[in-house]
Amino acid sequence: MKSIFLGLVFLFNSYTVVASVPKLTFSYGEVNTYPQVILSDDGDIKSGILFDLANAIGSELNIQIEFLKTPRARLEQLLLDKFVDINCTANPKWLTSSELIWSEPLYDNPDLLINQLNLSSVEQLITYAENKITPTLIGTVLGYRYPSLEPLFDRGKLVRIDSLSPSISYQRYLRGDFPMFVIAKTEASIIDAAQTQHSALIDHNYLYCALSPALKSEMKVRILGAINTIKTSGKLEALISKYQVLDTTKTIGQ
């Protein structure tokens with residue numbers, strides 16, 4: 001009886017220790033494709049920029065990291081509810097709640113317009129769309145905003161065809177569903193350059209980490225400090241370079 005009691009005490013104490021170990025939950029979703037997120041054959045996140053950044057933050061804080069796949073459309077509310085603690089592929093233009101806590105910008109991940117229409121600038125796209133009698137279809141990602149294109153959307157000159165991820169948009173583009181689509185520069189490394197004729201830089205998008213306001217104040221300060229250390233030390237630049245992301249000073253085809 002005594003041995004059973006001691007065993008129960010041991011199990012309870014072990015559970016308490018495990019349960020008390022602090023951890024951070026990073027969110028990712030369908031929208032995060034290579035090189036942001038690289039999945040295993042089982043569908044679990046195994047590497048990528050987001051994966052390495054999250055683990056670098058965990059290492060700086062000496063804290064456990066876990067990843068949770070979440071729907072892009074619900075991300076803001078999930079952060080507010082502390083269902084997830086942090087998302088590091090966010091931008092204040094996309095998540096607008098004043099309660100969210102933001103890191104300093106991490107790096108620029110500009111949007112590119114990949115097209116079959118010989119368009120190499122936003123100005124050319126505007127002229128093309130304005131002069132067409134019928135609306136032009138454009139592949140976009142669900143839940144994402146494109147500031148330079150909003151006036152064309154509002155006037156019905158461009159019509160969004162939303163997909164869950166840029167890689168799906170790319171496949172639909174190849175299939176001929178629309179003559180152009182938008183993809184972020186880092187994700188554009190999935191594209192076979194032979195399949196694209198022209199590209200245009202649409203908008204500069206700096207990526208940030210968005211933190212849940214429900215995190216304890218001390219943890220918020222520690223996380224923001226760790227992110228700043230990773231960026232200023234050159235670790236962030238090194239982990240991005242590891243995935244041979246396209247040079248963001250150039251456009252595809254240059």
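The model is predicted: local features need pLDDT of at least 70, side-chain atom pairs count only at pLDDT 80 or more, and totals for chains, interfaces and linings use all residues. Residues are numbered from 1 along each chain as its sequence is written, and side-chain values use heavy atoms, with hydrogens and water left out.

The protein chain holds eight helices and 13 strands, where helices (H or I, at least four residues) and strands (E, at least two) are DSSP runs numbered from the N terminus. Of its 254 residues, 44% count as buried; buried means under 20% relative accessible area, exposed over 50%, and partly exposed in between (1.4 Å probe, protein chains only).

**Overall figures**

- The protein chain exposes about 13,100 Å², and carbon and sulfur atoms supply 54% of that area. Accessible areas come from the Shrake-Rupley method with a 1.4 Å probe, and for residues only the protein chains shown count as cover.
- Among contacts between residues at least 6 apart in sequence, 70% join residues at least 24 apart; a contact means heavy atoms within 4.5 Å.

**Helix α7**

- Helix α7 spans residues 217–232, which makes 16 residues, and reaches 23 Å from its first C-alpha to its last, close to the 22 Å expected at 1.5 Å a residue. The expected span is 1.5 Å times one less than the number of residues.
- Met219, Lys220, Ile223, Ala226, Ile227 and Ile230 are the buried residues of α7. Viewed down the axis of α7, the buried residues fall within an arc of 130°, so they line one face of the helix. The arc is taken from the directions from the helix axis to the C-beta atoms.
- An α-helix has 3.6 residues a turn, so residues three or four places apart point the same way.
- Cover for the buried residues of α7 includes β1 (23–28), α2 (49–61), β5 (86–90), β6 (101–102), β13 (206–211) and α8 (235–241).
- Exposed residues Ser217, Glu218, Val221 and Thr232 sit on the face of α7 turned away from its buried side.
- Gly234 follows α7 and has a positive phi, near 90°.

**Helix α6**

- The buried residues in α6 are Pro166, Ser169, Tyr170 and Tyr173. These residues cover an arc of only 100° around the axis, which puts them on the same side of α6.
- β8, β9 (136–141), β10 and β11 (180–184) are among the elements that cover the buried residues of α6.
- Gly176 follows α6, and its phi is positive, near 95°.

**Salt bridges**

- A salt bridge is a side-chain nitrogen of Lys or Arg within 4 Å of a carboxyl oxygen of Asp or Glu. By this rule the count comes to eight.
- Glu60 and Lys235 form a salt bridge through their side chains (3.1 Å, N to O). Glu60 belongs to helix α2 and Lys235 to helix α8, so the pair ties together parts that are 175 residues apart in sequence. Glu60 counts as partly exposed at 33% relative accessibility, and Lys235 counts as partly exposed at 44%.
- The side chains of Arg155 and Glu130 also meet in a salt bridge (1.9 Å, N to O). Arg155 lies in the loop between α5 (150–154) and β10, and Glu130 in helix α4, so this pair ties together parts that are 25 residues apart in sequence. Arg155 is partly exposed, with a relative accessible area of 49%, and Glu130 is partly exposed at 29%.
- Arg175 pairs with Asp177 in a salt bridge, with the closest N and O atoms 2.6 Å apart. Arg175 is exposed at 57% relative accessibility, whereas Asp177 is partly exposed at 28%.
- A network of salt bridges links Arg172, Arg175 and Asp177.

**Surface patch**

- Leu142, Leu164 and Ile168 form a nonpolar patch on the surface, with about 240 Å² of accessible area together. Patches are made of residues with over 30% relative accessible area and no salt bridge: like charges are joined within 9 Å, and nonpolar side chains (Val, Leu, Ile, Met, Phe, Trp, Tyr) within 5 Å.
- Leu164 lies in the loop between β10 (158–163) and α6 (166–175), and counts as partly exposed at 48% relative accessibility.

**Positive phi outside glycine**

- Asn62 is not a glycine, yet has a positive phi of about 55°. Asn62 is found in the loop between α2 and β4 (64–69) and counts as exposed at 71% relative accessibility.
- Asn118, also not a glycine, has a positive phi of about 60°. Asn118 lies in the loop between β8 (111–115) and α4 (122–131).
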